[in-house]
Amino acid sequence: MSQDSQHGKWTISDSEDEDNVIPPTPQKDSNKPSIKLDLERKPDTITTFFKQEPKLSPKRNEDTHSVKEPSAPSMGSEARKAAHVNQTIPVKYESNPSPSVKRKRETEEAGWNLSSSDDETPSPAPKKEPKKSNVSPKKKKTEDKRPPSPHGPNYYKEEPADFFETNLLSINDMYRFYLNKVTGIPKKFNTGALHIKEILSPMFGTLKESVQFNYCFDIPWMVEQYPPEFRDKPVILVHGEKRESKARLIEQAKPYPHIRFCQAKLDIAFGTHHTKMMLLWYEEGFRVIILTSNLIRADWYQKTQGMWMSPLYPRLPEGSPETAGESPTNFKSDLLEYLEAYRAPELAEWIDRIKQHDLSETRVYLIGSTPGRYQGPAMQKWGHLRLRKLLSEHTKPVQNEERWHVLGQFSSIGSMGLDKTKWLAAEFQRTLTTLGKAGKSVASPETQMLLVYPSVENVRNSLEGYPAGGSLPYSIQTAQKQLWLHSYFHGWHADVTGRSNAMPHIKTYMRVSPDFTQLAWFLVTSANLSKAAWGALEKNNTQIMVRSYELGVLYLPSAFNMSTFPVEKNVFPASSSSKGFPVPFDLPPQRYSSKDQPWIWNIPYTQAPDTHGNVWVPS
């Protein structure tokens, strides 16, 4: 069966007798690769290899499952783990490949949320071939040990001495929106960007305790990011792991007695704990950081990521009322409500701690998602209806507003339905086009929605090469059901921030003027383009169902005494006097050409090598 569109052609086999994909033989390496998938079974198992030109092939351990590494990440879920297996060291094709890795279709970020239908249950995973070892084949899961990089153990280089900031002079504290530092780009594009080592350094406060909310953890690496003087301070890790992956996470933390865990409740299928937030308690006060990076080294190395860093919140005077320290954006009570939604005793002390601090200087609005089905007033607490409510209450209509574009940029895509009217151009676009209470009851057909998602060429030419696509897990199973979506796509170009070759893991949404010089609002969030993240209306629009935990911050001009945000033309080096908003990529975005294809992570790319001489061959 052939799927063809303006933005890609894929050859798919719907053979019913093929549960697993068969690796191609070296002799049959074709310029027109195909991947065989059983569409009925929606397989959970694929083995991925890199091919490399012979002169570039490195030596490789025969047993890739026994590669030793300084700190093996404990992945956010089995599916996320599988995404990182896709990023193993490049190898030549071998006739007896390593055993394939079982993957759960439980997360959109890892590309396996094949349906958001309530009544769809996952098909059973194919049984694994027994290994030729003394390991019992009886439902025994093997944890894959990976080298610390897709390009071998020497890929991550120590940052130069002048890579890190030594003071805060280059930090623009007007918007408090920062990009992560990227290795391998000119220094000026990192001046004012932040690395995790800087965030946790004494430069921002004398740390006493912290909480790390995230999806994916590499605990030994995370501990190393704290400076030596803070490295044994108490840390709580808030995660969504279950069963084997939870056991691995706990095992990884054994050498670190200062680490405790808080498990987020995930009661709806295909939901994930996708929120990325740091709560930092200092001797001097308290700080919140809401970001887009997992706590793994690859996410802080050569990807484009973003964050909002709060001001340092001082402690309130003794005896202050509970309502004290609130901001005009209601940030304090919204943050407390989000934390209380976990229903976790481990967070109770932090909830009390936050109540004792003054958060009144906050100028952003909190937008969270928490799993559940909500009716009545609760519908507007979470997900895209929360965004709609804030845009209705705190923005005003602009002249010619139907010509102001809606722009979404993300790193993963869920199932949107058979056509745009099922969710994207209906309830979601209605939310994104809301401006003030006088907003139209339905989305104007004149308003363009522009979606920014990397093309195959973007990934191929990136700093990481094809392995960057392991963090852009748009699967063929989802893509081939929604070819209509690809006409919305625009490529990733970020010359303005020096990050055109640093693939985006950041997620941003905004409303931009027809000439791309003004913003009506800007949102940075963990939420990708999916119903699981943003919620979907049910029961004749009387209920919204949200699957995942997500968190982001919304910038509205009214909170900055402005009518719109001017788009900053010179983001780097950062300047404390700048009034423009630092959009992380180029505006206007460039629509895909007729030759461009959206990056799809589980089909082969063999026609051209990447920046490291590799091709991408999932088999």
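**Annotated sites and helices in a predicted model**

The structure is a predicted model, in which local features need pLDDT of at least 70 and side-chain atom pairs count only at pLDDT 80 or more, while totals for chains, interfaces and linings use all residues. Residues are numbered from 1 along each chain as its sequence is written, and side-chain values use heavy atoms, with hydrogens and water left out.

K276 is found in the loop between β10 (259–263) and β11 (277–282), where helices (H or I, at least four residues) and strands (E, at least two) are DSSP runs numbered from the N terminus. Because its relative accessibility is 1%, K276 counts as buried; buried means under 20% relative accessible area, exposed over 50%, and partly exposed in between, with a 1.4 Å probe and protein chains only.

The loop between β10 and β11 also holds H274, which the unreviewed UniProt entry lists together with H505 under "active site". H274 counts as buried because its relative accessibility is 0%.

P345, by contrast, is exposed, with a relative accessible area of 67%, and lies in the loop between α5 (331–340) and α6 (348–355). Its C-alpha atom is separated by 8.5 Å from that of C262, although P345 and C262 are 83 residues apart along the chain.

Turning to the helices, α4 (residues 243–252) has S245, R248, L249 and Q252 buried. Seen down the axis of α4, the buried residues fall within an arc of 100 degrees, so they line one face of the helix; the arc is that of the directions from the helix axis to the C-beta atoms.

Finally, helix α7 (residues 383–394) and helix α8 (residues 424–432) pack at an angle of about 35 degrees, with their axes 8 Å apart; axes are lines fitted to C-alpha atoms, for helices over the stretch in contact, and angles run from 0 to 180 degrees between N-to-C directions. On the α7 side H384, L385, L387, R388 and L391 take part, meeting E427, F428, R430, T431 and L432 of α8, where contact means heavy atoms within 4.5 Å.

Definitions and conventions
UniProt positions are given in the numbering used here, feature names are shortened, and annotations may be inferred rather than shown by experiment.
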